[in-house]
Amino acid sequence: VLLSGRLSVAQQRSIVSAVRRLEPSALVLLFDAGAAPHPEDDLDSKRRFEQECSQVFAYSPSYTALMAVLSRCEDDKRRPAGAGLDKQELLSEVLGALEKSKTVTPAMGLAGPAAA
């Protein structure tokens with residue numbers, strides 16, 4: 001599961017819990033961990049959650065970074081789910097979503113002032 005560090009720790013834990021009910025050995029990849037803590041969270045709870053993650057990226061991960069993490073996980077018990085049947089399809093889907101998220105402003109939730 002690829003999670004945004006901009007979510008609250010409670011939301012992150014809820015998502016991880018739901019995914020792990022279906023796939024107990026699921027990886028937890030956290031990106032944007034360098035972002036300020038969610039207003040509901042304190043630094044200690046954020047730090048504890050980050051320690052439980054399989055991989056933590058300070059910012060949005062690159063193709064190379066994601067591929068490096070996935071290549072270290074050659075576990076036959078893991079099965080791709082959601083985006084595609086192989087790592088390449090998964091990376092394409094994830095990177096496309098990350099690129100789209102860069103155009104959304106957190107305050108407005110819209111792309112640029114023209115959308116207002």
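Start with helix α1, residues 9-22. This helix has 14 residues. From its first C-alpha to its last it reaches 20 Å, close to the 20 Å expected at 1.5 Å a residue. Keep in mind that the model is predicted.

**Stop 1**

Select Val 9, Gln 12 and Val 16. These residues of α1 are buried. Now look down the helix axis. The buried residues of α1 fall within an arc of 60°, so they line one face of the helix. An α-helix has 3.6 residues a turn, so residues three or four places apart point the same way.

What do the buried residues of α1 pack against? Show β1 (2-4), β2 and α2: these are the elements they pack against.

Next, select Ala 10, Arg 21 and Leu 22. They are exposed, on the other side of α1.

**Stop 2: the cavity**

Rolling a probe the size of a water molecule over the atoms shows where empty space is left. How many cavities of 30 Å³ or more are there? The count comes to one. The largest cavity has a volume of about 50 Å³.

To find the largest cavity, select its lining: Gly 5, Leu 7, Val 9, Gln 12, Leu 30, Pro 37, His 38, Asp 41, Lys 46, Phe 49 and Glu 50. Two of these names come from the first stop: Val 9 and Gln 12 are buried in α1, and both line the largest cavity.

Color the lining by element. α1 and α2 each supply at least two residues. Which element gives the most to the lining? The answer is α2, with three residues. Then color the lining by residue type. It divides into five nonpolar, three polar and three charged residues.

**Stop 3: Asp 32**

Move to Asp 32, in the loop between β2 (29-31) and α2 (43-52). Check its backbone: Asp 32 has a positive phi of about 60°, although it is not a glycine. Is Asp 32 buried or exposed? Its relative accessibility is 12%, so Asp 32 counts as buried.

**Stop 4: Tyr 63**

Finish at Tyr 63, in helix α3 (residues 63-71). At 36% relative accessibility, Tyr 63 counts as partly exposed.

Which residues does Tyr 63 touch, not counting those up to four places away in sequence? Select Gln 88, Leu 91 and Leu 95: Tyr 63 touches these. Now take the pair Tyr 63 and Gln 88. They are 25 residues apart along the chain, and their C-alpha atoms are separated by 9.7 Å.

Note on methods. Residues are numbered from 1 along each chain as its sequence is written. This is a predicted model: local features need pLDDT of at least 70, side-chain atom pairs count only at pLDDT 80 or more; totals for chains, interfaces and linings use all residues. Side-chain values use heavy atoms; hydrogens and water are left out. Helices (H or I, at least four residues) and strands (E, at least two) are DSSP runs, numbered from the N terminus. Buried means under 20% relative accessible area, exposed over 50%, partly exposed in between (1.4 Å probe, protein chains only). The expected span of a helix is 1.5 Å times one less than its number of residues. The arc is that of the directions from the helix axis to the C-beta atoms. Contact means heavy atoms within 4.5 Å. On a 1 Å grid over the protein atoms alone, a cavity is a set of points where a 1.4 Å probe fits but cannot get out, and a pocket is an open set with protein on both sides within 12 Å along at least five of seven lines; lining residues have an atom within 4 Å of a point. Grid points are joined across faces, edges and corners, and a volume is the space filled by probe spheres set on the points. Ala, Val, Leu, Ile, Met, Phe, Trp, Tyr, Cys and Pro count as nonpolar, Asp, Glu, Lys and Arg as charged, and the others, Gly among them, as polar.
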